[in-house]
Amino acid sequence: MSSLGALLKAAVLAGLIAGVAVSIFHLTLAEPVIEQAIRLEEQRSRASGASHGEPLVSRAVQKVGLVVGLLLYGAIWGLLFGVAYRLLERHVEAASVAVRGAFVAGLVGWSVALFPFLKYPANPPAVGDPATIADRQALYFGFVALSIAGLALALAVRRIVAPVKAQLGIERLSRPLALGVYMLYLSALYVLMPANPDPVEVPAGLVWTFRGISFAGLALFWAVLAVAFARLARERAHA
Amino acid sequence: MAHVQTPKEGHRAALIGAFLLGALGLYVLALDQGFVLSVFQGDIAFDMNLLHELVHDARHTAGFPCH
């Protein structure tokens, strides 16, 4: 994986494979829940007398859009994972490209998807006020950016402490210290960031079912990406 | 398999380019509320919000803010 082009190609392909896997997962599991939420939303708007009229994009097309969107998700995060891999591979002490790839995929997936989910969990349709969408997007992506900054901070701590540690003759101090700083930073970030401002006025069972499926989908995505990247990288190494 | 490589100048530009492409894609997938298509459709794009409607289900399942 010495050439950047080969690396990014393998990373994007791995992302697309993960996108296919998650599309199948969500078409099977998330779509019925989304349908249920939309029916509820329609009932509510009928009851309040507000008419949505015919939607511009039909539900059938939105299901195609689910797959299009998730493939795009795969290509985008595959590409960004490739960039992260190139930046981080020097810092990961693992013998094989497969293990390094899995480690970086875990770090990226945690930082940009799983950890932000714990603060701002996914909601089904029928939750979410259109008037607050810009605020919620700023909160969410601000959180993602700060989550990535925490990773950079931990790496910086490790790099600064490592030579000091060698001078003092204390072995293996930089890693737990970096981890400690990272955990402290994440805890502060989690506590200090404002919560999602929207009320959740949908039955809790529906919301938590959707959140469970959504979280499992994200975990599946990053796991498949890691495995696919490892296989592709190994094949290229032997080619 | 030389993995410890100082990125060369061209490498760095390509890396930044790849990052920007990813960021742009993320904007279209996760954030756009009509701006992208307003370039072609004019102001009506903000009301129609076609990209949002198309990738609506993906935004919800991926945990991106939506409604």
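Residues are numbered from 1 along each chain as its sequence is written, and chains are lettered from A, with ligands numbered from 1, in the order in which they are written. In this predicted model local features need pLDDT of at least 70 and side-chain atom pairs count only at pLDDT 80 or more, while totals for chains, interfaces and linings use all residues; side-chain values use heavy atoms, with hydrogens and water left out.

**Stop 1: chain B**

Chain B has 5 helices and 0 strands, helices being DSSP runs of H or I with at least four residues and strands runs of E with at least two, numbered from the N terminus. The order of its elements from the N terminus is α-α-α-α-α. Of the 67 residues in chain B, 42% are buried; buried means under 20% relative accessible area, exposed over 50% and partly exposed in between, with a 1.4 Å probe and protein chains only. Among the contacts in chain B with a separation of 6 or more, 24% are between residues 24 or more positions apart, a contact being heavy atoms within 4.5 Å.

Next, select A45(B), in helix 3 (residues 44–48) of chain B. A45(B) counts as buried because its relative accessibility is 1%. Beyond its neighbours within four places in sequence, A45(B) is in contact with G34(B), L37(B) and S38(B).

**Stop 2: the interface of chain B and chain A**

Now show both chains. The contact involves 48 residues of chain A and 36 residues of chain B. The size of an interface is often given as the accessible area lost when the parts come together. Here the buried area is about 3,700 Å², with 73% from carbon and sulfur atoms; buried area is the accessible area (1.4 Å probe) that two parts lose on being put together, summed over both.

How many salt bridges does the rule find across the interface of chain B and chain A? It finds 1, a salt bridge being a side-chain nitrogen of Lys or Arg within 4 Å of a carboxyl oxygen of Asp or Glu. Select D57(B) and R59(A) to display this salt bridge, in which the closest N and O atoms are 3.0 Å apart.

On the side of chain B that touches chain A, the elements giving two or more residues are helix 1 (9–31), helix 4 (50–54) and helix 5 (56–62) of chain B. Helix 1 of chain B gives the largest share, 13 residues. By residue class, this side holds 22 nonpolar, 12 polar and 2 charged residues; Ala, Val, Leu, Ile, Met, Phe, Trp, Tyr, Cys and Pro count as nonpolar, Asp, Glu, Lys and Arg as charged, and the others, Gly among them, as polar.

**Stop 3: N123(A)**

Select N123(A), in the loop between helix 3 (97–119) and helix 4 (133–168) of chain A. N123(A) is buried, at 12% relative accessible area. Its side chain has a polar contact of 2.7 Å with the side chain of R211(A). Not counting residues up to four places away in sequence, N123(A) touches N196(A), V207(A), F210(A), R211(A) and, in the other chain, H60(B).

**Stop 4: helix 1 of chain A**

Select S23(A), located in helix 1 (residues 4–47) of chain A. Is S23(A) buried or exposed? S23(A) counts as buried, at 3% relative accessibility. A polar atom of its side chain lies 2.8 Å from the backbone oxygen of G19(A). Not counting residues up to four places away in sequence, S23(A) touches V67(A) and L70(A).

A21(A) lies in helix 1 of chain A too, but A21(A) is partly exposed, with a relative accessible area of 25%.

**Stop 5: aromatic rings**

Finally, display the aromatic side chains. Over all chains there are 16 aromatic pairs; rings of Phe, Tyr and Trp (its six-membered ring) pair if their centres lie within 6.5 Å, and planes under 30 degrees apart count as stacked, over 60 as edge-to-face and the rest as tilted. F81(A) and Y85(A) form a tilted pair, 6.2 Å centre to centre with 50 degrees between the planes. Both residues lie in helix 2 (residues 59–88) of chain A. Ring pairs also link Y73(A), W77(A), Y140(A), F141(A), F221(A), W222(A) and F64(B) into a cluster.

Terms used. Polar contact = N/O pair within 3.5 Å; in protein donor to acceptor, adjacent residues only side chain to side chain.
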